[in-house]
Amino acid sequence: MRKKILCASMCVAMAASALVGCGSDKEEETTTKAPASDDADADADADADADADADATGGKVYYLNFKPESEEQWKKVADAYKEATGVEVKIVTAASGTYESTLKAEMSKDEAPTLFQINGPVGYQTWKDYCMDLSSTDFANWVADKSMLVTEGDGVYGVPYCVESYGLIVNKTIFANYFALEGRADTGCNSLEDINTFAKLKAVADDMQANKDALGIKGVFTSAGMDSSSDWRFKTHLLNVAITAEFNDAGVTDMDEIEFKYADNFKQIWDLYITDATCEPSLLAQKTGGDAAAEFALAEAAIYQNGVWAWGDISSSEGAKVTEDEIGYLPIYMGLEGEEKQGLCTGTENYFCVNAKASEADQKATIAFVEWVFGSEEGKALVKDELKFLTMFTTFTPDDAPADPLMKAAAAYASNTELTSVAWVGMNHFPSEEFKNVVGADMTAYAAGSAEWQTLVDNCIAAWAEEKALAAE
Amino acid sequence: MTNRRKKILYFIPFVLPTLIAFMIAFVIPFFQGIYLSFCKFTTVNDAKWVGLENYEKIFKTSDFTDALWFTTKFTVVSIITVNVFAFLLALALTRKVKGTNIFRTIFFMPNLIGGIVLGYIWQAILNSILNNWDLTLVGNADYGFWGLVIIMNWQMIGYMMIIYIAGIQNVPADVLEAAKIDGATPTQTLFRITIPLVMPSFTICLFLTLSNSFKMFDQNLALTDGKPGKETMMLAYNIHYTMYTRNFMEGVAQAKAVIFFIIVAVIGFAQLVLTRSKEVES
């Protein structure tokens, strides 16, 4: 009898624990739906929000952010939006180089992102089932240049939200010191403005490297780190210059197979990056994006290849010495024909997409959020001061351009009508992440001296064809 | 009611909660995974049946077989090193020297640190050593390989040591005493008495090191990230990479996972049968 009672009570205990499990689950759910704020009046807040949600569209907004450098800023935007409208916006940021994997994982969840991002036509091929037609939305129509949209048929599936430029960020003070240096070699250049070809860039860089002790620098170029936090600067952005040139020669915007016509030019610039650098080429494999930003910020190096988004990383580096007025830009020269007239590389990899599989209410709420950010006065102010995006929406005037030293330097290039900027058309059509990784691995191996350059060229051509074929299946 | 029927009646409420949890967290995903290996999909909730295509694609490129080979080499080396060192440590720490408990605790501690943390810590340690010669851990696949072996040893030795200590302590004192009286040398005692009697510990330790090395993922991701190229990419990481980094290859990754499961199951089972047969009753 005793045993029976024991057994029975165990059963009850077990059932109870199972039920408790259910109960706490439910509780969790409600808290995620209306996350409590830290304030003392959290409860009141949450209630009010829930009401506001229900009163408005009832939709939720979940943005999976691509740009790690603007994570905090997007959170501020979300807070401001909540204050203005009462609608909660969930912001999740994927770490550098993990956007695709994060997106795949998040999309499989019940609470999938309602707003996400593709990197252009190639990303669209992967995510087309999830991209809603945005042609009837205001923000798609705010894009001045309709050719920038990702379209299929009459539908608009990706809307670019910012234009970015990259090139060689230079420290003008170090260059001025170099040009004032006695006993420097005759390179035919007497100021930064004189450098307008690869030959001149190389001559100056080599001589600066020879005089690095006199200049107080560790190397001319910041470490071309091939850690995943930094390798995209080369396997994607640098390679883009060579591939875009090949596209331009053929007069196309995409190819099933490439010749890698400018492989030698690509090699020239890569050789320059890794020889006139702050560290031994064999160490590049472990160098991170933070390392390069810090070297530039501490004025240990004079040239840093990166885009207009990099100012935040530079200025926030510990002990940063570089000031806003010391910053300038040079285009990436790699010995291409007519490069004297070359500008910065300007384009976008950032296209907004709204999840086609989200509920209609969520889609509406998401579109309302985007239109608030890029259409309302308050939102636009945040874009200018916090996110620091140069957008291509007609709702923005030139006065709304962010005040950022790199943005300003890039804007000066853009307004120089004698120069032609390099489009991002090459990298927008790079077949896949795998292709970039193959090239990146060979670049690292070549730098470390463990592979021949020809391997890189062969693998690059082969991987391009294979990955394009895979996408076409 | 018969006793038997009563037993069954009680059986249900006791097993049911665990069974439900096991179904939700293991059995259902397992079969869903097998189903998905025959599908083309981007996200798991929307898949299209394609038959055996994914399995064919695995062997079109060499990355899976490369990873399999690398994993096998790694597993063989780490099984030997981990078990040899763990057994030697266990022997040393059952000698009734002062402070054995402190040593045991310290040796066991690495096992409590998560793989990702461990990977990054060791990456920093090994890189700072290699940097003296201008080398990096990811510069050469051999460094990565031995780096992984070192991590595996550092992490697993303490755990295996505890199991061996338990085994050695269970060797009956009278048998050892009898051997001593018969004039057996310490080596003879070790190989003729201790090792045969701790065979059950070997069975469990070999199984644990085998399956842990074969399935290693987080240390691999954190320490070398598969670099250079994909040369230090082990099977589990290769599957993850195929799933999350490659486009249009999700089904192939799933097919790789199914093959991976079969390999691990077959090897693990074979090893269990093999070492079981060597176990003796004391």
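This is a predicted model: local features need pLDDT of at least 70, side-chain atom pairs count only at pLDDT 80 or more; totals for chains, interfaces and linings use all residues.
1. Overall make-up of chain B. Chain B contains twelve helices and two strands. The C-alpha trace of chain B spans about 80 × 70 × 30 Å along its principal axes.

2. Division into domains. Chain B is split into domain 1, residues 3-49, and domain 2, residues 55-276. The centres of domain 1 of chain B and domain 2 of chain B, taken over C-alpha atoms, are separated by 30 Å.

3. Contact between the two domains. Ten residues of domain 1 of chain B touch nine residues of domain 2 of chain B. Together the two domains of chain B bury about 740 Å², and 67% of that area is on carbon and sulfur atoms. Between domain 1 and domain 2 of chain B the count of salt bridges is zero, while two residue pairs are in polar contact, with both residues at pLDDT 80 or more.

4. Composition of the domain 1 side. On the side of domain 1 of chain B that touches domain 2 of chain B, the elements giving two or more residues are α1 and β1 (39-41) of chain B. The largest share comes from α1(B), which gives four residues. By class, this side of domain 1 of chain B has six nonpolar residues, three polar and one charged.

5. Extent of the interface between the chains. In the contact between chain B and chain A, 30 residues of chain B meet 35 residues of chain A. The area buried between chain B and chain A is about 2900 Å², and carbon and sulfur atoms give 55% of it. Three residues, B:Tyr244, B:Asn247 and B:Phe248, supply 21% of the area that chain B buries against chain A, more than any other three residues.

6. Charged and polar pairs between the chains. Five salt bridges are found across the interface of chain B and chain A. A salt bridge joins A:Glu467 to B:Arg246, and the closest N and O atoms of this pair are 2.3 Å apart. Between chain B and chain A, twelve residue pairs are in polar contact, both residues of each pair being at pLDDT 80 or more.

7. Which parts of chain B face chain A. The elements of chain B that give two or more residues to the side touching chain A are α1 (3-36), α2 (53-58) and α11 (235-244). Of the elements, α1(B) gives the most, with four residues. The side of chain B that touches chain A has twelve nonpolar, ten polar and eight charged residues.

8. Salt bridges in the whole structure. Over all chains the structure holds 24 salt bridges. One pair in salt-bridge contact is A:Lys75 with A:Glu71, the closest N and O atoms being 3.4 Å apart. Both A:Lys75 and A:Glu71 lie in helix α3 of chain A, four residues apart, about one turn of the helix.

9. Aromatic pairs. A search of the whole structure gives 53 aromatic pairs over all chains. The rings of A:Trp74 and A:Phe352 have centres 6.4 Å apart and planes at 70°, so this pair counts as edge-to-face; the cut-off for that class is over 60 degrees. The pair links distant parts of the chain, 278 residues apart. A:Trp74 is in helix α3 (residues 71-85) of chain A, and A:Phe352 is in strand β11 (residues 351-354) of chain A.

10. Backbone details. Two loop residues deserve a check when reading the model. The peptide bond from B:Lys227 to B:Pro228 is cis, with omega near 0°. B:Pro228 sits in the loop between α10 (218-223) and α11 of chain B. In chain A, A:Phe260 has a positive phi of about 55° although this residue is not a glycine. A:Phe260 lies in the loop between α10 (232-250) and α11 (263-275) of chain A.

Methods
Residues are numbered from 1 along each chain as its sequence is written. Chains are lettered from A and ligands numbered from 1 in the order in which they are written. Side-chain values use heavy atoms; hydrogens and water are left out. Contact means heavy atoms within 4.5 Å. Buried area is the accessible area (1.4 Å probe) that two parts lose on being put together, summed over both. A salt bridge is a side-chain nitrogen of Lys or Arg within 4 Å of a carboxyl oxygen of Asp or Glu. A polar contact is a pair of N or O atoms within 3.5 Å; within protein, one must be able to donate a hydrogen and the other to accept it, and residues adjacent in sequence count only if both atoms are side-chain atoms. Ala, Val, Leu, Ile, Met, Phe, Trp, Tyr, Cys and Pro count as nonpolar, Asp, Glu, Lys and Arg as charged, and the others, Gly among them, as polar. Domain bounds come from an automatic or database domain assignment. Rings of Phe, Tyr and Trp (its six-membered ring) pair if their centres lie within 6.5 Å; planes under 30 degrees apart count as stacked, over 60 as edge-to-face and the rest as tilted.
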